[in-house]
Amino acid sequence: MKRNLMLMLMISVLLVALTACGGSSSEPAGEAQSNESSNTAASSGGEAAGAVKDSIVLAVQSDVTTLHPSDTSTTPEMDITDQIYDKLMDIAHDGSGFYVPRIAESYEISEDGLVYTFHLREDATFHDGTPVTAEDVKFSAELYQASKFQGSLVDGLSSIEVIDPYTIAFKTDEMYSPFLENVISIKIASKAYHDSVDEMTFANNPIGSGPYQFVSHDAGSKIVLKGYEGYYEGAPAIKDVTYKVLTDDTTVAIALQTGEIDFSDITESNYANLEGVDGIVIEQVPMSRFGFISMNYDKAPYNDVKFRQAVSYAIDREKLINLAMDGLGIVNSNILSPLRFGYSEDQPEYTYDPEKAKQLLAEAGITTPYDLGVMYIAESYSTQAQVIQSDLAEVGLNVTLEILEFNAYIDKLMNGECGITMLSMSLEGSTQQYAMAFQSQFIGAANNVRYSNPEIDKLFDEAAKEVDPVKRFDLYNAIFTKVQEDAVYVVLYNSIGLYAHSDELTCHPFVLEGRYRIYDFTW
């Protein structure tokens with residue numbers, strides 16, 4: 001079953017709707033079209049002969065703690081490493097839903113569906129000029145196997161065989177339906193570089209395989225990249241990239257208007273500050289990212305299902321979106337958005353019903369008013385948290401908000417120090433990625449509620465091996481019906497991603513939860 005990547009199989013993958021383009025729904029399948037892979041940016045930059053701007057400044061709302069290829073856990077870390085490291089394949093930005101070649105030129109799957117063989121291009125090099133080989137791909141996959149943050153991308157992998165310097169085979173013991181779409185997304189790092197430096201240097205001074213190479217990181221201030229002249233698709237037209245750490249919404253808005261920065265994702269509260277401003281374009285991207293209240297299963301009263309259900313009925317989601325998000329969200333109490341494979345309207349939903357919340361609190365043995373103590377919140381969620389605080393108070397639950405810098409907040413969350421908190425999360429790829437939010441092996445990572453249920457662990461394992469889409473849907477339906485009944489997460493909304501940028505900058509359509517590639521931006 002050999003397939004050239006220029007004529008790809010459309011594999012099951014979530015595609016969110018595109019900005020100004022038609023979108024596609026979940027888990028499509030079909031034949032792919034060829035990839036027209038010329039770099040428009042490189043062409044236009046050459047023709048302009050220096051008249052076209054060749055630098056870009058982007059804002060991120062929190063600093064990075066690592067640039068390790070497999071251990072990223074925040075959006076800024078993932079965005080920046082997306083520029084530094086390349087993948088085996090990537091999703092096309094044209095809205096087709098097809099995959100295009102990166103490090104791999106072609107692949108084949110064995111007749112029994114257990115062996116995935118990739119043929120690598122021979123002109124790809126790392127930023128130190130050394131070739132990207134099958135040994136590096138093997139090493140990178142092993143990094144993911146050891147990662148508690150991104151390990152699900154290699155779930156099902158049992159062994160790896162390096163056949164020759166540019167051919168590698170990934171083997172599974174049994175059929176694993178999302179394996180292909182997951183494994184192509186691992187970021188390829190240099191084994192030789194890793195072996196020559198300590199772990200901290202490897203993580204903080206990366207040598208990657210992508211179109212941009214790391215220059216410097218001024219902690220709390222900026223991360224600087226530069227175009228890699230030896231990139232196999234051609235040197236980037238945008239040569240210099242600076243990510244500025246700007247944690248305040250007002251600062252971001254002013255920086256966009258003055259031209260201090262060229263591009264930033266923005267919060268809903270900043271939308272009103274920037275909408276209609278001359279020289280600024282705002283892109284809106286529907287997403288499956290979900291905002292939610294997280295309650296720690298290791299702490300009472302959060303381990304009581306009636307208490308969690310009460311909290312889910314206590315929140316006026318529409319009011320939250322209107323007051324704290326300028327209406328830029330979609331009400332949803334289901335952890336799955338309707339865009340996701342496995343979603344069903346029959347799965348339990350929670351509507352605003354404060355009287356029902358009070359009844360459930362009484363059934364849980366809660367005498368109100370009841371003090372829940374400190375609710376730790378990251379800076380960017382402070383406005384939403386104030387609305388939630390008010391709604392909880394209406395049913396007799398009192399919390400004291402403590403606002404933390406983002407990375408300090410994440411440390412508390414991962415270490416299980418939060419009792420009740422509020423944040424948002426995106427689990428990209430297939431619905432199987434949601435295992436990271438529920439399976440016990442991911443407690444302390446994406447499973448931030450510290451939920452453990454052997455039945456759900458087993459159902460996710462079965463879904464991963466099921467190749468019949470009808471049977472796989474039934475398994476997902478059983479999973480999400482159960483976790484909705486138990487109010488494992490109090491889901492509030494699906495996000496609308498917002499990106500603001502100079503009107504002189506042309507960005508590719510934003511697909512797959514708003515991931516972007518600066519190489520394909522043009523001035």
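1. Phe480 counts as buried, at 0% relative accessibility. The model in which this residue sits is a predicted one, and the points below should be read with that in mind. Tyr476 is likewise buried, its relative accessible area being 1%, and since the cut-off for burial is under 20%, both values fall in that class.

2. Phe292 and Tyr489 form an edge-to-face aromatic pair, with 5.2 Å from centre to centre and 80° between the planes. Because Phe292 belongs to strand E15 (residues 280-295), whereas Tyr489 lies in the loop between H16 and strand E20 (490-502), the pair ties together parts of the chain that are 197 residues apart in sequence. Phe292 and Tyr489 are both buried.

3. Tyr476 and Phe480, the residues of the opening point, also form an aromatic pair, in this case a tilted one, with 6.4 Å centre to centre and 45° between the planes. They are four residues apart in helix H16, so about one helical turn separates them.

4. Over the whole structure, a search finds 29 aromatic pairs.

5. Turning to the packing of the helices, the axes of H15 (residues 454-465) and H16 (residues 469-485) come within 9 Å and cross at roughly 160°. Angles over 145 degrees count as roughly antiparallel, and H15 is therefore roughly antiparallel to H16. The crossing in which H15 passes H16 is left-handed.

6. On the H15 side, the residues that meet H16 are Glu455, Ile456, Leu459, Phe460, Glu462 and Ala463, while H16 contributes Arg472, Leu475, Tyr476, Ala478, Ile479, Phe480, Lys482 and Val483. By class, the residues of this contact divide into ten nonpolar, four charged and no polar.

7. For the chain as a whole, the secondary structure comes to 16 helices and 20 strands, and buried residues make up 59% of its 523 residues. Among contacts with a separation of 6 or more, 70% are accounted for by residues 24 or more positions apart; the pair of Phe292 and Tyr489, which links parts 197 residues apart in sequence, is an individual case of pairing across the sequence.

Notes:
Residues are numbered from 1 along each chain as its sequence is written. This is a predicted model: local features need pLDDT of at least 70, side-chain atom pairs count only at pLDDT 80 or more; totals for chains, interfaces and linings use all residues. Side-chain values use heavy atoms; hydrogens and water are left out. Axes are lines fitted to C-alpha atoms, for helices over the stretch in contact, and angles run from 0 to 180 degrees between N-to-C directions. Helices (H or I, at least four residues) and strands (E, at least two) are DSSP runs, numbered from the N terminus. Angles under 35 degrees count as roughly parallel, over 145 as roughly antiparallel, 65 to 115 as roughly perpendicular and the rest as oblique. A crossing is left-handed if the near helix is turned anticlockwise from the far one by less than a right angle, and right-handed if clockwise. Contact means heavy atoms within 4.5 Å. Ala, Val, Leu, Ile, Met, Phe, Trp, Tyr, Cys and Pro count as nonpolar, Asp, Glu, Lys and Arg as charged, and the others, Gly among them, as polar. Rings of Phe, Tyr and Trp (its six-membered ring) pair if their centres lie within 6.5 Å; planes under 30 degrees apart count as stacked, over 60 as edge-to-face and the rest as tilted. Buried means under 20% relative accessible area, exposed over 50%, partly exposed in between (1.4 Å probe, protein chains only).
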